[in-house]
Amino acid sequence: MSTINHSDYFVTGPNHILCEVPGVASYPTTFQDSWDMDHVRLACSNRIYPTDVSHWPEIVKALSQPIRSCQELSEVILRWNKAKEVGWNFNALDAFLNHRSDAELIAQAERIIDVNTPASESLDPLIVEALARVVIPKHVVSASEDEDEQSQQPQAPVALHIPLTSQFLSPAERTRFFDVILPRMQALALRLPELIKKPIPFLKQQQDSAITLSQEQIACLTANAFFNTFPGRNVPYKTKSYRRKWRPSRRHIQLKKDQQDRDQKHGVASQTVEEHQEENSDNSEEEEEEEEGSRRSKGSSSRGGRGRGNGRGGRGGNSSTATARPPKPFKRTPGPAGQFDFVEAMTSSLETVLDAVKTPSDKESNVEEAVKDTEVSTSSAPAKEELWGPKMPSINLVSMFWNEQTGKNACTDAQAAKLRCLIHYFDRVTSEMPTGTVTYHRQVLRKPVYLTSEEGVISQGTFKLSSVVVDTVNGLETAPQGALQLDFANKNIGGGALDRGAVQEEIRFMICPEMIVSRLFSQPMQANEAILIKGIEQYSDYIGYSKSFEWFADHRDNTPRDKLGRRQREICAIDAKPFKSKVSRIGQFDKPLVLREINKAIVGFRPSPINASEWGLVPQLEGNSESTGSSMVPRAIATGNWGCGAFGGHLQLKFVLQWIAASVSSKLSPGMDSAMTHDMLYHTFGMPELGRDIEAFVKVLESKPSIEPKRLIECLVKYPRRSSTGEAEKLREKGLLEYLSSAVDY
């Protein structure tokens, strides 16, 4: 077996420490500016383009004056976002600040309500409206009488037991927000050139690097995101076809047509709608980052778009005449990330499956066809890659304030809970500013791991799977100190955190708002990348999930800090491959996709040397482990149903893939004993049956001799029932873990 050269797989890049750390990092005395495609563009930056006008003087002037209402707040924000006056609104924020929830209105009654007393004579009209939406429990009505008789007979007073808490702000909380919290936020945002004196570099794709900021700097940046001060920062796309075209509304088309008619009468040449559209297609760069979430939610709406196959559209997918969308041809990812498409595994997997169902001649023809489909022309790469970059996630919080609806319904309880989490965070940090630091490390796997004995990663005959502990009740944030906690991330870190989302990643961003700033400088993750964050603090406790998500209480984080001032809590953000359609969900058992998910988990589970260092320094550990002279210890990995739910991942499959990755990642950690593995704490999120299946499966495999990952992958690929051409058609009736328990022996 060959010795592992860790530098073949990982080379740790620099850690840009942008805050003052005595003895580690110096801090400039003056503001150092940079307005280019390599650094974050700040509101206080000096613009280098003649057409760009700095709004910082206007921002300073506006935020130096008191703001006493949501209307004034929206007007202030629009002063430096004048181009957005038509498209932006603050309906959700207005509802959160100015409208009370039904629960709060009913709780104000605080008395037994006689249902025979006309509501208009005894209650506030707002409370009457709220009561009309409340369903009185059936047990308060006598079951021995029919409905008509009940409506005519007097009934006993009904006591409404409504929770006194509400996610919306109470009048007292609202007053405190405008009188105390908001002025502090304004002052914090205006300290931007004082606190951020070094340019913030982007964490770019395929570049291993890290950024360390103080918690005070992070709070300042987040406050600027609240006031929507960050200018458009997306560089031009690589081709014109990637730009979002401006689409005129019907009203605009009619107005334009009327204008053309008037111009023709006076003999004036008019501009066509198409010309106007082409002219404005390049001016939507700044709007795109703020509208990303709303476009995504519209695109996934059940209303659909234009139907396919019937020529005229209609309700997408619901028309009986619509035909199935043909599968997209395989297109290899350009650049270094293309290795992780596992084209070689695609053909070898097909060859293995066809062995039992085709003759040699038929098999060769199918494999040749598969190889032809995966060939990539080198001319598909962009000609001038340095002139474009991937689209960045949004950072301004206007997407949390926006809603098409008006009134109280513009803000759901889950949205109100997210806004309450943010307000609570600003209340905490402006009252007592934390003094620690946070590191954001983009870790890159340079070379695919195929899990073969020739690689030297797996010790043949002595491979050991990690220990597994299953938790069916608690969430990931309750994992013991020192455990790596997973963020089931979107490739754009944060996902819908600044929009309508309220699931695992979005909730984590709300209770730990210092994660939000990662969206400011992190380009979308590719298949061989992960983002590891160390030092974040939890400020809120919560209950519920998705639509039932609620802010619950203040959280005091007592996690100890390392020498750099970082909390000893590390979050690993990795994005799973989405499988939205029924066909793709069966296809996730194909070997290329199995290897993709294992490699993605490996790059996240592998300890970050920067985060492992007490001082956040880059240790010289990239050579062979025998020559490092240093050591790293294994730690627990707290994970769960990664990539399941909306992403369509198979629950039991994702457990097996993460188990393999946890067992392998320690082999790629320099300075760590190759015989040691990272234990896995698996949270099933209230799914006890899945927990029992996992425990039974782990027990079976632990009782067997050493089972190598390669054997497990072979069995996973064979789990779906396949056609004569090797295509996965349907899953077996037997559960995956039950199938693997016996299949690994054959």
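Here is a chat about salt bridges, a helix and a strand in this predicted model.

Colleague: How many salt bridges does the count come to?

Modeller: A pair counts when a side-chain nitrogen of Lys or Arg lies within 4 Å of a carboxyl oxygen of Asp or Glu. By this rule, the count comes to 26.

Colleague: Which side chain meets aspartate 427 in a salt bridge?

Modeller: Aspartate 427 sits in helix 17, and its partner is in helix 8 (residues 171–189), 243 residues apart. The N to O distance is 3.9 Å, and the cut-off is 4 Å, so the pair counts. The partner is arginine 184.

Colleague: Is aspartate 427 buried or exposed?

Modeller: Buried means under 20% relative accessible area. Aspartate 427 has 18%, so it counts as buried. For aspartate 427, then, the word is buried.

Colleague: How many residues of helix 17 are buried?

Modeller: Helix 17 has 19 residues and reaches 26 Å from its first C-alpha to its last, close to the 27 Å expected. It is largely enclosed by the rest of the structure, because the buried residues number 17 of the 19.

Colleague: Where is arginine 635, the partner of glutamate 570?

Modeller: These two side chains meet in a salt bridge at 3.2 Å, N to O. Glutamate 570 is buried at 10%, and arginine 635 is buried at 14%. Glutamate 570 belongs to strand 9, and 65 residues apart from it, arginine 635 lies in the loop between helix 22 (609–612) and strand 10 (637–640).

Colleague: What separates arginine 711 and glutamate 714 in helix 25?

Modeller: Their side chains form a salt bridge at 3.3 Å, N to O. An α-helix has 3.6 residues a turn, so residues three or four places apart point the same way. Arginine 711 and glutamate 714 are three residues apart in helix 25 (residues 709–718), so what separates them is about one helical turn.

Colleague: Which residues are linked with Arg428 in a network of salt bridges?

Modeller: The network takes in residues of both charges, with Arg on one side and Asp or Glu on the other. Linked with Arg428 are Glu537, Asp554, Arg556, Arg561 and Arg567.

Conventions:
Residues are numbered from 1 along each chain as its sequence is written. This is a predicted model: local features need pLDDT of at least 70, side-chain atom pairs count only at pLDDT 80 or more; totals for chains, interfaces and linings use all residues. Side-chain values use heavy atoms; hydrogens and water are left out. Helices (H or I, at least four residues) and strands (E, at least two) are DSSP runs, numbered from the N terminus. Buried means under 20% relative accessible area, exposed over 50%, partly exposed in between (1.4 Å probe, protein chains only). The expected span of a helix is 1.5 Å times one less than its number of residues.
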